[in-house]
Amino acid sequence: MNTLIRIVYEVNGEIFKASSLETEHFIIKTQNDNNSFSAHINAFVPLKIKDFSIKTPYKYSASDKIFVNGYQSWTDSLEYSIDEKMSEQSKLTEFMLMKSPLKLIGMNKSGDNLFHQFPRQQGVFYGWSYGYVRNGDSVDLFASLDERCGYTLVTFDVNGGCVTFGKELEGVTFEGEKKLAEFVKLSGGYDEVFDKYFDMLGVECRESKRRNGYTTWYNYYGGVTQKDVVRDLNSISEIDAEIDCFQIDDGYQTKVGDWLSTDKKKFPDGMKSIADSIHSKGMTAGLWLAPFAAVPSSQVFKNHRDWFIKDENGKPYKTGHNWGGFYSLDIYNEGAREYIKHVFDVVLNDWGYDLVKLDFLYGACVLPMHNKTRGEIMCDAMDLLRECVGDKLILGCGVPLMPAFGKVDYCRIGSDIALDWRHKKHMMREDVSTPHAVCNAIFRRHLDGRAWLNDPDVFLLRDTNIKTTLEQRKLLAKLNSIFGNLLFTSDDVAQYNGEQLTALLEAFDKKQYTVSRAEFVDKNIMEIDYSENGEAAHLKFNTATGERLD
């Protein structure tokens, strides 16, 4: 691989720039063959790397499509034509995130705004950990083999005729020998390159079972009660379909962070009773937690502020804006680690839940700390969670993807859906959006069965508390069936009419789907060729409006 290295670094407050592998301050040893590259640094003095990038020439053609992988589960991840411009984050949004009072409550923390500048140039596309250039059935995959040494930024510059790998190394002082980067270029068919990639990573999918189920969130949100749960559990258990899982989402706890303190007004019989009821219906019992998060009014934050991530001034640092702003536990603090382990012990062993949906996981690595990169912190956080959960099931969500490869059984690969099918122009890239959820399910399909089984988020067929048409709802159910292996609804199915029930049973029928082609053929117009139980099928629709065109 023909490469050009650039490094900007700081020694004793002075900034240096180099393109050489050897300076008075360090030696970088590289291994470079036709399709892979690795670099290790031996720093003679303490230094901080401000920019480390490796550029390789690449010849783009007019018909190429470029896929860039968003920072975390919710971040939009699309294929682009080479003459397009990334436009999912507006200048107004960027100002609101970085300059306004919204910054104070953590509005800018869920994405990569803290450590990367969004490009506003036609023909320049970036993503994290991996990305590809596709021309018909032929794919060139550019991918990191190690995010523990720092997140890998993959930038496709059509104008400059190159692909650049960069490393996110903020907050780390290098001294002595340390790995900087390892990545690979693989060429072949779509499935072929991803099979090779995951084989090189040594990552295997932990779970093979496609599951149908229910989650409380998209009907009751934080207001869910035991009465809602019991009613909907009874309703869905009576339909003629294989229902594998019933999940309680946010709202059962007294405060975010106080996971073992159940709201007795809403759940008077406690959470073990709910798990027992779910088991009595022959279903897996699931429970939502944001295991690193806590709001300021929680007892865990009030009593143990020292357990939480702190800024450079030693003050607790808000890591997200939800619930009015929240903090995240420092996973390297022994008290925090023991608390996390205790929560899982009670939830999984005393209460008896079989699956935990673990959300807002990005909060663990919002700030680099303890001389570790954000990538290393996220990898360590996922190791901790798998250790805590053991052989039970994890549904990951709100997580930077590559550190979760092989660590979770299911993973959300797109944003939350909205109750309408409307694209908000000035939204954050991680915000609620049905169009973004749909596109991510399509374009991150390569992760399904390799990193985990994909969760495309829910589909809803009910008439109440929703703004989509029934045809849009049925389209979403079909897309989730094709591209997902965890299919959830949040409806009280006892309220369905015959058409809605038929659509639900169709979605929950565990058919075998194989996608041979899925791409934009015009602005927002998606065409999908696939097989359904061996029969060829075709789907064409507008991703922005949810209108079927076939």
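**Note on the predicted model**

1. Of the 550 residues of the protein chain, 62% count as buried (under 20% relative accessible area; exposed is over 50%, partly exposed in between; 1.4 Å probe, protein chains only). This is a predicted model: local features need pLDDT of at least 70, side-chain atom pairs count only at pLDDT 80 or more, and totals for chains, interfaces and linings use all residues. Residues are numbered from 1 along each chain as its sequence is written, and side-chain values use heavy atoms, with hydrogens and water left out.

2. The protein chain holds 11 helices and 27 strands (DSSP runs numbered from the N terminus: helices H or I, at least four residues; strands E, at least two). Its radius of gyration is 23 Å, close to the 24 Å of the globule rule for 550 residues, so the chain is as compact as a globular protein of that length. That radius is taken over C-alpha atoms, and the rule is 2.2 Å times the number of residues to the power 0.38. The C-alpha trace spans about 70 × 60 × 40 Å along its principal axes.

3. Contacts with a separation of 6 or more: 69% of them in the protein chain join residues 24 or more positions apart (contact means heavy atoms within 4.5 Å).

4. Strands S24-S25-S26-S27, in that order, form an open antiparallel sheet (two strands pair if DSSP finds at least two bridges between them). S24 (513–522) and S27 (547–548) are the edges; each has a single partner strand, so one side of each is left without a neighbour in the sheet. Helix H10 (residues 470–483) packs on this sheet and touches S24, S25 (525–532), S26 and S27. The direction of H10 makes about 125° with that of S24 (axes are lines fitted to C-alpha atoms, for helices over the stretch in contact; angles run from 0 to 180 degrees between N-to-C directions).

5. S26 (residues 535–542) and S27 run antiparallel, joined by two bridges. Phe 541 stands opposite Arg 548 in S27.

6. A three-strand open sheet has the order S16-S18-S17, again with antiparallel pairing. S16 (293–294) and S17 (318–320) are its edge strands, each pairing on one side only. Two bridges link S16 to S18 (residues 326–328). Ala 293 has Ser 328 in S18 as its bridge partner.

7. In helix H4 (residues 226–237), the buried residues are Gln 226, Asp 228, Val 229, Asp 232, Leu 233, Ser 235 and Ile 236. They pack against S13 (211–215), H3 (217–220), S14 (245–248), H5 (270–280) and S23 (486–489).
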